[in-house]
Amino acid sequence: MGRVVRFSEFDEYLYNLKQNGTRVEGTILDANVIITLSYSPKKFHTRTYEFIKNKIQKNEIALYTTVNTTQEYLEFYRRLLLTEGLRTAIHPSSELDLPNKKKQAIRAQSSILHNREMHQGADPIFNDREIKKIRESFLNSGNAGMELWKALCSVYLRKPLEVEYKALEKLKITYLSMYNDDQKAIFDKKITWENAISICSDIGAGFSDSMILNALQCTTLPFAISLDSDLAYSVMSNPSLKDVLMPDEVVENIHHI
Amino acid sequence: MEKKNISDVDAFIEEAEKGRNMPLSKEDIKRINDLSREVEKEESEIEDDVISIVAIEKNDSESARF
C-alpha cells in the first residue's frame with residue numbers, strides 16, 4: 001500500500017526500503033519539483049533543493065520523469081520570461097521605448113498580476129490570458145505591430161528558452177520510455193492510457209499527475225517526488241499505488257493524514 | 001539497467017538562472033526601438049486618417065443642410 005512520506009522521514013524510509021530488499025535505483029520527479037528547484041522565489045524552493053541535493057543526489061538515486069515534464073517546465077519559463085521581459089521593458093529605467101499604447105496594455109495586465117501577487121500570494125507570472133491580451137494589443141497595429149511583438153518574443157524567449165532547456169541536462173533526467181532498450185530492466189508492466197484514466201478517475205487528479213503515478217506503477221522504482229496534493233490524495237485513495245514523497249508542510253496541509 | 005545518471009542540482013540551478021538574466025544587445029534595443037517608432041508612426045497616420053474622415057463627414061453633413 002502506498003504512503004505519503006514527508007521529506008523529514010526520508011532517512012528512515014530509505015533504510016526500511018533497503019532492509020526489505022527493495023532496490024532504490026531511481027525516482028520519478030513531478031514537473032513542479034523541477035520548476036521549484038530552478039526558480040528560487042517559488043515556495044518550497046529551499047526545502048526541495050536541500051532534499052534533492054542532500055538525500056537524492058547524495059544517495060546516488062537517479063532521476064526519471066515523463067515527457068510531459070519538459071512541456072510543463074518550458075511552459076512555465078515561457079510565461080516567466082515574457083513576464084519579466086515585458087515588465088522590464090516598461091520600467092522607467094529601460095532603454096527600450098515601446099509605443100505608449102503598448103506600454104499601457106502591458107501596464108494594465110501587470111497591475112492585474114500585481115493585485116494577484118499582493119492578495120493571493122501568486123507567483124509574479126502572467127497567465128496565458130494576460131499574455132494573449134498584451135499580444136492582441138500589438139497585433140491590433142497591423143504588420144508593424146506584429147513585427148514588434150515578434151522582436152520582443154525573439155529577445156525574451158528564443159535564446160533564454162534554449163538556455164532553460166539546456167539547463168535540464170544538468171539534472172541528468174532520464175525520460176521513461178518502454179521502448180528504450182536501456183530501460184527494459186526497470187519496466188515490469190506496460191504503460192497504458194487505460195490505467196492512467198483509472199488513476200485519474202479515483203479522485204479526479206490531473207492527467208500529468210496520473211501519468212506519473214501510472215508510470216511509477218509500471219516500473220520497479222519505489223517512489224515519486226512531488227509538491228502537488230493531487231498525488232497525495234491519489235495515493236491515499238488507492239491502496240495499490242506506490243509511495244509519494246513531499247515536503248513536510250505540504251503533507252501537513254493534506255487532510256486525514 | 002542503463003548506466004546511472006546522477007544529477008548535479010547546483011549546476012542545474014546555476015544554468016537555469018542564466019536564462020533569466022540574459023542582457024539585451026545594443027542591436028536588439030535598436031531594432032525594437034526602430035520598430036516601436038514605426039508602430040507609433042502607423043498609429044498616428046491611422047489617427048490622422050480617422051480625424052480627416054470625421055472632418056469630411058462633418059463638412060458633408062453641414063453642406064447638405066444648406
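How far apart do the C-alpha centres of domain 1 of chain A and domain 2 of chain A lie? They lie 33 Å apart.

This is a predicted model, in which local features need pLDDT of at least 70, side-chain atom pairs count only at pLDDT 80 or more, and totals for chains, interfaces and linings use all residues. Residues are numbered from 1 along each chain as its sequence is written, while chains are lettered from A and ligands numbered from 1 in the order in which they are written.

**View 1. The domains of chain A.** Domain 1 covers 4-66 + 176-252. Domain 2 covers 75-168. These bounds come from an automatic or database domain assignment.

**View 2. Strand β3 of chain A and its neighbours.** Strands are DSSP runs of E, at least two residues, and helices are runs of H or I, at least four, numbered from the N terminus. Strands pair if DSSP finds at least two bridges between them. β2(A) (residues 26-29) runs parallel to β3(A), with three bridges. A:Thr27 has A:Leu63 as its bridge partner in β3(A). Three bridges also join β3(A) to β4(A) (residues 173-175), again parallel. Here A:Tyr64 partners A:Thr174.

**View 3. Both faces of β3(A) (residues 62-65) are covered.** A:Ala62 and A:Tyr64 are buried on one side. A:Leu63 and A:Thr65 are buried on the other. Buried means that 20 or more other C-beta atoms, placed from the backbone, lie within 10 Å of the residue's own.

**View 4. Chain B against chain A.** 30 residues of chain B are in contact with 42 residues of chain A (C-beta atoms, placed from the backbone, within 7 Å). α2(B) gives the largest share of the chain B side, 12 residues.

Methods: Contact = placed C-beta atoms within 7 Å. Buried ≥ 20, exposed ≤ 12 C-beta atoms within 10 Å, placed from the backbone.
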